[in-house]
Amino acid sequence: MNIGGYAGRVGWIDLTSGKVEYRVPGEEELRKYLGGRGLGVKYLFDAGTDVDPLGEKALAALFVGPLTGTDAPMSGRIASIVKSPLTGTISDSHAGGTTGATMKWAGFDGLVFRGKADHPVYAVVRDGEVKLVDATELWGSDTAETTALLKSRYGDKANVICIGPAGERLVRFACLIDERGRANGRGGHGAVWGAKNLKAVVLIGNRSAAPKPANEPTFTAAKERCFKLIEENSVTGDALPKYGTDVLVNIINEVGGLPTRNAQITYHEGADAIGGERMADTILVRRGTCVNCPVGCKRYTEVEGRYEGEGPEYETCFSLGSMCGNFDLAAVGYMNHLCNLYGMDTISLGDTIAIAMEATQRGLINDGVEFGDTERMIELIHQIVSQEGIGEVLGLGETGAANAFGDPDLAMAVKGMGMPAYDPRAIKGIGLNYATSNRGACHVRGYTIASEILGIPEQTDRLAYQGKAELVIAFQDLTAAIDSLDCCLFSSFALGAEEYAELLAGMTGWKIDEDELTRIGERIYNLERHYNNLLGFAGRDDTLPNRLLHEPIPDGPSKGEVCALDRMLPEYYRRRGWENGIVPEEKLRELEIG
């Protein structure tokens, strides 16, 4: 295979036997699914849906896209794809940094792990080959210890993706940690690795092996145009570089959309204490960035005597901050640091602890935790990982914990995964997106916040229902394509389908335009939905927590609002061509899904 942007190699690693097989992806499947999220989902679909996410037959895949590791802007992402042990749905999760680029430079478009090793192992990937190495000595180590040891062995330029103790102990929201602080966060991917006895993947590559564009003039022109748009954009050129993602705390709080105290309220006068502006004045040490990214949204923070490391991001300042009634930024930073060490998704962790807080508030549990009690929160983080006390229940995740406490309505979750930092009662489109997301409540399936709050690409009324079905679908389909290229989603603040299509055409040599790229995204989104349909997911699962549907916001700028999902969902299904949340055979044929 000789297509620009691709290494032309996917490694299939049987952990049970230790055998490795190398396959060349076909051009037809690449043209239909690109790479990253899309190709990973296709491979998991082809392997069969009826598998235990923590069983030997389940697959754990890592994929990059045709723009990963190239000179395209903001193209340093890597996708992990699994069947989620948290939700039971298909799940993909992405991380930035340099890991994705290094995988491409090491000679691979993807790695697919299957089976289960009879002892802990890690994989070493370089020069187009994969080797499994005994990891018994690493089992039980946190992610920083694991990364340090493997870098001492393979060189500081080696990239390490690993799990921590949370993944080893099958915490349902355990994640993968890349380079100590980047996370393939949501959906429990770390537990899948832990169930396979897969501790880490070490990637060793050189930028000299980066793919060359098939059409250099087209690619160079598109690249230069994209960099210019990114640098001139108010979000990617100003707000994110200056304050990072946490700039959103005050923006979302000011419209009354910041979920607080398990979403019992959505506005708090003290929210600025955990915002990006406050971070810049207090715990911020320096900025960081990813490969080929001019934005530099990453924050490195330090609290003397407690930690120094990457983060926290906006979502963490919500989940371990406002959602738990905590407005101590230093405490949020320290808990984020613990999550990086243990390998846990901060959003699900905070959402789950908030459930325990409301259960305590209502007298449903005794050995609980009060809103705002940061010392107890830290104790619970350790207990979740050790599986001691109430930590064993909390390790089940949002829905599992709420059910154990006797009230499923405590969970602000969709399809088993807790919602992120935007209350849909105050921002209607994001509610429709949560409900119809194929991996559970998720803002990065279709980030309508760009339009409803930031006015990108155009301003829409956050409280209006009309037009939101079309808006959500447009965001979901384009996002699926971007995730398959695999570029940072933040690039879409400045770029549109036309720019991504130009980059892809220049790199691959394909004659592809924005309509075909959007069609690819639609195909990927429908394939994910079809995967879930085969598992029994349907329209009844495309809903929101009762609180968000029926309990009006009690106070603040969005006082009195609920999210009337029934005013958007029928139109969404009509435009999708779905029947009660199910992709019909006619739609599958139309999109050439088989």
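## Basis of the values

The model is predicted, so local features need pLDDT of at least 70 and side-chain atom pairs count only at pLDDT 80 or more, whereas totals for chains, interfaces and linings use all residues. Residues are numbered from 1 along each chain as its sequence is written, and side-chain values use heavy atoms, with hydrogens and water left out.

## Overall form

The protein comprises 24 helices and 17 strands, where helices (H or I, at least four residues) and strands (E, at least two) are DSSP runs numbered from the N terminus. Its radius of gyration is 22 Å, close to the 25 Å that the globule rule gives for 594 residues, so the protein is as compact as a globular protein of that length; the radius is taken over C-alpha atoms, and the rule is 2.2 Å times the number of residues to the power 0.38.

Of the 594 residues, 66% are buried, with buried meaning under 20% relative accessible area, exposed over 50%, and partly exposed in between (1.4 Å probe, protein chains only). Among contacts (heavy atoms within 4.5 Å) with a separation of 6 or more, 69% are accounted for by residues 24 or more positions apart.

## An enclosed helix

Nine of the nine residues of helix α17 (residues 428-436) are buried, so this helix is largely enclosed by the rest of the structure. Its buried residues, which include Lys428, Asn433 and Tyr434, pack against β16 (413-414), α18 (449-452), α19 (468-485), α21 (514-534) and α23 (569-576).

## Charged side chains

A search of the whole structure finds 43 salt bridges, each being a side-chain nitrogen of Lys or Arg within 4 Å of a carboxyl oxygen of Asp or Glu. In one of them, glutamate 498 meets arginine 225 at 3.7 Å, N to O; glutamate 498 lies in helix α20 (residues 497-508) and arginine 225 in helix α7, so the pair ties together parts that are 273 residues apart in sequence. Glutamate 498 is partly exposed at 36% relative accessible area, and arginine 225 is partly exposed at 33%.

Aspartate 423 and arginine 425 also form a salt bridge, with their closest N and O atoms 2.8 Å apart; here aspartate 423 is buried at 0% and arginine 425 is buried at 1%. Lysine 223, in helix α7 (residues 216-232), is buried yet has no salt bridge, the nearest side chain of opposite charge being aspartate 71 at 4.3 Å.

Definitions and conventions
Lys and Arg count as positive and Asp and Glu as negative; His and the chain ends are not counted.
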